[in-house]
Amino acid sequence: MNLSAHTPIPFPGRLTIVGWGAIAQGVLPLLFRHFALRPEQVAIVTADAEGIREARDYGVSHTILPLDRDNFRQVLAPLVGPGDFLLNLAVNVASVALIEFCRERGALYLDACIEPWAGGYTDPLLSPSQRSNYALREQAKALHRPGAPTAVLTHGANPGWVSHFVKQALLDIARDCGLDATPPADRAGWARLAQSLGVRVIHIAERDWQVAEPRKRPGEFVNTWSVDGFVGEGCQPAELGWGSHEKALPPDGHRHGFGCEAAIWLERPGAATRVRSWTPLAGPMHGFLITHGEAISIADYLTIGTGTTPTYRPTVHYAYHPCDDAVLSLHELAGREWHLQENKRIVRDEILAGVDELGVLLMGHPKGAYWFGSRLSHAEAKRLAPYNSATVLQVTAGVMAGMAWAIENPAMGVVDPDELPFAEMIEWCRPYLGEVVGVYSDWTPLKDRAGFFPQDVDVDDPWQFKNFRVS
């Protein structure tokens, strides 16, 4: 796509952005670039003064007023009506409540993560299953009504465009195996394609190489995107889509007992759960199994059959190695028994260099493992759009693309990323993703395993989850 030649999408309505953190600040330049928007059409409602300079730079209204379950209708009613758009990029603001509100008001909706109200991720009165992304997705999907205003769930990078990259990766593997690479016409066709290729496991495999100065200090949590968002999801139970090839649940694994049954949860937070994975630049790595919506939606979308014993379903999960300072921040957070540090810092302008390597790793097919994704440098991100780092731009590209589709398809009800047209979404995102590459590898979680100590592995099937998990 030629960005300079692209005709902005007409949008006569009002846009209300809830939350004004790194992602919201980074997406605004893209929205003014790709949509026919005027500053007076945009309003920001947020919990604090973070980013107020950036809002003023664009001349948009900025209101500091934390939303909660008692005031959100009163605050948003004057701002959101028929044909308007509510973009929810806040933490601690319940997505399900806002989706229902938008449906009542005749407004469009998009978020990058399905959020609960404040405390919902760690409420001791709720079971781990009730605090999971699985449960939040089931609540959001239950709001779907055919012909209702479009509400796009979780469309950033991951969750978001990684769902479209999975489809492109399936077509690449089929082509390279000498098979028919025609895109399937429906969900069942994509599931049959994945099954026919023998795809057993899909990782969203990410290694963030960005380095900032000053480095992390004691008592500080440093990240390249939202600190509160990362800590919130990191403290949720580890979750993963559970494949039909898996021989047994993990000892600490549990099914939910309701809904689509495409995923399980573990009795430990994702930030304390490590898994083996692989990216082209990093090679073998240990990542954190952070709960993410794509682990559930991709596994659900590629299921043949139903319930806990489907004919086919891949195991799907996130394997995240954040920037080195964020890793140190997580270790300190765990040592504090998951009580957040006194100081928080999102790095953007302080970043000196580095690349965010984010893609999908499909394993078990005849060619072994295939990683398809984005390698975006901080320097390239700064050149492409103001107020963005590599990590942020990968997310904001997906937000922008999802909003474009919603505006052009305003009556689709509640939809997952996997239900959007993959080729169109990739076309929208790709100019902002740096180097997009596909790389094959013979890596498996058993490759070059050291034998210093006894290990509980399945040597007959490298693609069992027990082989990926770091004990």
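Before the details, a word on conventions: residues are numbered from 1 along each chain as its sequence is written. Because this is a predicted model, local features need pLDDT of at least 70 and side-chain atom pairs count only at pLDDT 80 or more, while totals for chains, interfaces and linings use all residues; side-chain values use heavy atoms, with hydrogens and water left out.

Let me begin with pLDDT, the predictor's confidence in each residue, from 0 to 100. The protein averages 96, and 99% of the residues score at least 70. Residues 1–5 stay under 50, and for them the model has seven contacts beyond four places in sequence, a contact meaning heavy atoms within 4.5 Å. Where pLDDT is low, the predicted coordinates should not be read in detail.

Now to E357, which sits in strand β20, residues 355–365; strands (E, at least two residues) and helices (H or I, at least four) are DSSP runs, numbered from the N terminus. E357 is buried, with a relative accessible area of 0%, where buried means under 20%, exposed over 50% and partly exposed in between, using a 1.4 Å probe and protein chains only. What does the side chain of E357 reach in polar terms? It makes a polar contact with the side chain of T279 at 2.7 Å, and it reaches the backbone nitrogen of L281, also at 2.7 Å. A polar contact here is a pair of N or O atoms within 3.5 Å; within protein, one must be able to donate a hydrogen and the other to accept it, and residues adjacent in sequence count only if both atoms are side-chain atoms. Beyond four places in sequence, the residues that E357 touches include A205, R207, W209, W371 and R375; the C-alpha atoms of E357 and A205 are separated by 8.2 Å, although the two are 152 residues apart along the chain.

The second residue is N88, in strand β6, residues 85–88, and N88 counts as buried at 2% relative accessibility. A polar atom of its side chain lies 3.3 Å from the backbone nitrogen of A90, and among its contacts beyond four places in sequence are V18, Y109 and D111.

Finally, helix α12, residues 390–408, and helix α13, residues 422–429, pack at an angle of about 130°, with their axes 9 Å apart. Residues making this contact include A397, G398 and W405 of α12, and M425 and W428 of α13. The axes are lines fitted to C-alpha atoms, for helices over the stretch in contact, and angles run from 0 to 180 degrees between N-to-C directions. The two helices are therefore oblique to each other, given that angles under 35 degrees count as roughly parallel, over 145 as roughly antiparallel, 65 to 115 as roughly perpendicular and the rest as oblique.
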